[in-house]
Amino acid sequence: MGIELPSFCCYTPAVMMYWIRFRWVGALLFVAGLAVFVQPAVAADDAGSLQILPDASVIECNATLHAESKAIAVALKDGITGTTVWHFQVAKVRQYWLNDTIADISVTRRVKPDLLSRSWQLVDDSSGISRRVYQLDEAVHFLSSLEQFPVLDRSLLTNGIPYRMSVKVEVHYGEFKQAWWSDIWHPAQATLQQDFRLQK
Amino acid sequence: MASGSGDPATGFQAAEVKGPGVMRLMPLLMASVLILVTVLVWPSPAGDVGLLAWINVTVMLVLSLLLLRYGIRLLRDRAEPRPGSRLRARLVVGMVGLLLVPAMVIQLAASQMVERGMDVWFDVRVDTLLDRALNLAQGFYERLEKDMKRSLLGYISDGVMIAAVSGNMEYGATTNYLAEIREKEGWQKAELFDLNERQVAGVQVGELSTLESEPLSDAARLSMRLGRVATELKTGPDGEMAVGYAPLIGVTSVVGLLRVEMKLPAGVIQNARAVESDYRNYRQLEHNRQAIAETFTHVMLFVTLVVVLLAGLVGLLFARRLTAPIGDLAYALKRVTEGDLDVEIAELSQDELGSLARSFNKMTNRLRHHAEAIEQGQQDLTHALDKSRQRQFVLESLLANLHTGVLLVDGDGRVRLLNQAVRDILHLPVNWVPSVDLLQASQGNLQDIGDFYNELKHQKEEHLQREFDISLPEESRHVHVLARGARLNASASDFSGYLLVIDDISELAEAQRNKAWAEVARRLAHEIKNPLTPIKLSAERLQRRFRVQVDNHQVFDACTQAIIAQVERLQRLIADFSTLARMPQPKIREVPVNVLLQEMNDLFHGYRQVEVRFCDPHWQCPCDPDQVRQVLINLMDNAVSASSDKVAIRLYAVLSDHWVEWHVEDDGDGIEEAAVSRLFEAYYSTKASGSGLGLAIAKRIAEDHHGELLLVSAAAPTHFCLRLPRQVDGGEA
């Protein structure tokens with residue numbers, strides 16, 4: 001996560017005076033902001049992989065989370081519900097300005113273990129489809145990977161222009177309730193990104 | 001510090017120096033401790049401690065920065081703090097410190113208790129117990145499934161049901177057969193499906209109307225496809241049920257499917273699910289064990305911070321309430337120290353502080369009255385001092401401008417006051433200053449002054465008057481003084497002593513002497529002048545008549561000539577006496593200086609060594625030319641007679657702003673030192689034939705012109721200067 005520091009060159013004298021007078025308050029807010037917003041960034045190579053699959057009409061992708069597989073398996077084996085939230089973002093890369101976001105979608109997958117029957121119910125909250133499996137690897141795979149997942153329609157993109165697909169994966173254990181403040185202090189387990197350019 | 005010497009002021013000062021130094025560093029120390037704690041409790045990146053940890057960290061950072069700022073400001077601020085602020089800071093720091101220490105101890109103890117509690121909660125025995133309980137529950141389910149599968153295996157090749165799904169059997173017969181089987185096996189529901197997943201027949205406990213055909217599940221299809229017996233669990237409105245699928249295998253292949261449902265016993269299932277739930281919760285807690293501990297720590301820390309903040313705020317309010325009157329008192333004291341006695345403190349309370357304020361107001365009131373009285377007295381004193389200074393100034397001016405010397409001597413014989421005139425008259429040495437002992441200072445030529453004082457001191461009369469001469473070695477002359485003394489009576493003033501008044505009466509004495517000499521001269525001239533002429537005439541007659549009758553003409557001529565010459569000399573002497581006795585008043589008129597110089601040049605033209613330098617022809621001098629001419633002749637004549645032919649004599653004039661000066665110089669042998677002091681005295685002469693009146697007359701002429709005749713240098717060259725003023729009676733010449 002990048003942090004944009006304020007540029008002083010565009011400050012008016014009044015703003016500068018205000019800044020100088022309340023510099024301690026500003027310093028405090030800055031430190032507090034650092035404390036809250038600086039989150040650990042996991043290297044993409046270690047955390048997972050992202051592969052973009054441009055189709056004739058749809059841009060699909062294969063995304064895999066490596067970092068948490070063992071932890072997910074342990075939790076599911078112990079009967080703890082596991083949830084993965086995949087935040088997809090496709091943006092047009094701009095050199096001198098913020099990237100232009102084109103698509104921003106989220107996918108939530110949940111596995112509810114049933115210890116008595118030694119089965120795991122796989123639930124895709126986005127589509128509402130659920131099924132029960134009796135193999136732990138299958139449940140872990142369900143949570144930690146997305147295969148040929150359709151991200152957006154190809155018509156939204158232009159050939160030859162650089163784009164960047166970013167995937168932020170959050171893993172939650174136990175009952176998970178999505179809230180607006182979830183992102184504030186719950187860090188993402190992995191952030192994957194891949195630049196691509198569509199060919200004619 | 002003089003410790004042990006009992007000097008309370010010094011001890012207090014040292015304590016004040018030591019105290020603020022430690023207090024100045026206290027905020028920085030607290031900030032350092034807080035920053036250390038912040039680093040220790042900083043949330044780990046992998047942890048899931050939530051927002052509370054970040055709130056704690058943020059609050060501690062804010063507190064640290066505030067303390068840092070306050071500490072740095074304390075160190076940088078060298079000025080005197082506001083009254084009471086230091087006491088207030090001490091109270092707040094003390095209260096927070098008192099609360100902080102036990103809070104930190106409680107925090108540590110609670111953390112240890114949580115750690116120990118965690119170890120107890122997640123004990124291995126609990127872990128094993130839950131595992132076993134879950135195994136029991138799972139075994140129950142496995143048992144049910146196995147029983148169901150075993151039962152279903154017996155119907156895989158059941159001919160009736162194969163015939164039924166093949167359509168070779170009536171519906172009623174099939175239903176009855178299924179009912180029998182359901183009754184026999186204890187199932188709640190039994191259904192037959194053909195290969196097309198179409199329900200062929202079905203029975204269940206209760207009314208038949210509730211029998212509804214459900215689509216086959218994936219497990220059912222899989223069972224049919226694989227030809228294996230399968231079971232699965234299903235949760236319905238009536239509770240959990242075990243669902244079994246048995247493929248009906250014909251001669252060569254699967255021809256249908258038997259689907260049965262068996263309701264699980266509610267009590268057992270409830271217990272099993274409870275075990276599962278507990279196991280899950282336990283595992284979840286164990287999974288979040290670290291997070292729980294951290295959460296507890298941060299909750300405790302948050303509570304501690306809130307308590308400390310509240311304590312700080314309460315302490316601040318309390319300290320402000322307590323120190324405000326003290327601060328007002330200190331501020332008022334500072335103003336009193338600076339001289340403002342009009343300050344007053346509000347007497348708001350009836351406690352000790354109120355009493356202190358009332359006492360302070362009384363003190364300032366009294367101080368104000370005293371200060372006013374002192375100021376009034378000071379004004380009176382200043383007024384009196386001004387008057388005294390004025391009188392002193394008048395007296396000093398009087399004494400300074402007085403030509404009479406004044407000496408004031410106290411009862412101990414020490415000089416208290418002496419004016420400039422007495423210094424000038426007696427040429428007192430530098431050690432004559434106020435407070436000098438008069439008798440000790442009156443040594444040498446001033447012995448007469450001491451004797452006079454001694455006589456005045458020891459006599460009975462109040463006044464004493466004496467005349468005596470004081471020799472002045474520097475000027476090689478004597479000064480004749482008139483000393484008058486008076487004893488100052490102690491009853492008239494606080495001062496008792498002696499007043500000595502000394503006058504220089506040398507000129508007066510000289511004038512009196514001159515006057516006496518003039519009278520003598522006038523009488524001598526009168527008595528001697530008359531017989532001289534007959535004597536001279538008789539001597540000349542003798543020379544004319546009886547020269548031929550005498551034998552020795554030479555002796556006769558010498559005698560008669562001597563008589564005539566001596567008579568002439570006596571006549572000249574008498575003429576000089578007459579001149580000195582009856583010097584006429586000068587008849588002043590403007591005379592060109594060059595005219596007098598020209599006359600001198602003509603007169604002494606015969607002397608080759610004489611050089612007369614003429615001046616600007618416009619120079620004028622107001623004088624009596626006959627008398628000035630007489631002076632110049634006298635000076636030139638003295639120079640000529642005292643010098644040989646080879647010695648140069650110069651006469652020239654100089655004009656200044658106020659004076660016209662005639663200078664006569666000669667390079668002769670000069671004047672002896674002993675004669676210098678008496679040179680201008682009457683009847684003093686170094687020449688055998690001189691009357692000693694020439695320079696005395698010349699000096700008198702100069703004085704009659706309000707000028708002076710000076711001996712500039714006695715030798716090499718011998719230099720006389722006749723100085724006459726350019727202004728007479730206030731008019732410019």
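In chain B, B:Q627, B:Q630, B:V631, B:N634 and B:L635 of helix α17(B) meet B:G694, B:L695, B:A698, B:I701 and B:A702 of helix α19(B), where a contact requires the C-beta atoms of two residues, placed from the backbone, to lie within 7 Å. By class, this contact between α17(B) and α19(B) has 6 nonpolar, 4 polar and no charged residues; here Ala, Val, Leu, Ile, Met, Phe, Trp, Tyr, Cys and Pro count as nonpolar, Asp, Glu, Lys and Arg as charged, and the others, Gly among them, as polar. All of this comes from a predicted model, in which local features need pLDDT of at least 70, side-chain atom pairs count only at pLDDT 80 or more, and totals for chains, interfaces and linings use all residues. Residues are numbered from 1 along each chain as its sequence is written, while chains are lettered from A and ligands numbered from 1 in the order in which they are written.

Two packed helices are described by the angle between their axes and the distance between the axes. For α17 (residues 625-642) and α19 (residues 694-704) of chain B, the angle is about 145° and the axes are 9 Å apart. Axes are lines fitted to C-alpha atoms, for helices over the stretch in contact, and angles run from 0 to 180 degrees between N-to-C directions. The crossing of α17(B) and α19(B) is left-handed, meaning that the near helix is turned anticlockwise from the far one by less than a right angle.

Chain B contains 19 helices and 19 strands, taken as DSSP runs numbered from the N terminus (helices H or I, at least four residues; strands E, at least two). Of the 733 residues in chain B, 23% are buried, that is, 20 or more other C-beta atoms lie within 10 Å of their own. Among contacts in chain B between residues at least 6 apart in sequence, 60% join residues at least 24 apart.

Strand pairing (at least two DSSP bridges between two strands) can be followed through β15(B). Strands β14 (residues 649-655) and β15 (residues 659-666) of chain B run antiparallel and are joined by 7 bridges, forming a hairpin with 3 residues between them. Here B:L655 stands opposite B:V660. β15(B) also pairs with β17 (residues 718-725) of chain B, in the antiparallel sense over 8 bridges, and B:W662 stands opposite B:L722 in that pairing.

In chain A, an open sheet of 3 strands has the order β1-β2-β7, with antiparallel pairing. Strands β1 (48-54) and β7 (145-153) of chain A each have a single partner strand and stand at the edges, so one side of each is left without a neighbour in the sheet. The twist averages 20° from one strand to the next. Strand β2 (residues 58-65) of chain A pairs with β7(A) over 6 bridges, and A:L146 is the bridge partner of A:A63.

Chain A has a mean pLDDT of 80, and 72% of its residues reach 70 or more. Among the elements of chain A, helix α1 (residues 13-21) has the lowest mean pLDDT (59) and helix α5 (residues 136-144) the highest (94). The pLDDT is also below 50 over residues 1-11 of chain A and over residues 39-44 of chain A. Where pLDDT is low, the predicted coordinates should not be read in detail. For the complex, the predictor gives an ipTM of 0.73 and a pTM of 0.49.

How values were computed. Buried ≥ 20, exposed ≤ 12 C-beta atoms within 10 Å, placed from the backbone. pLDDT = per-residue confidence, 0-100.
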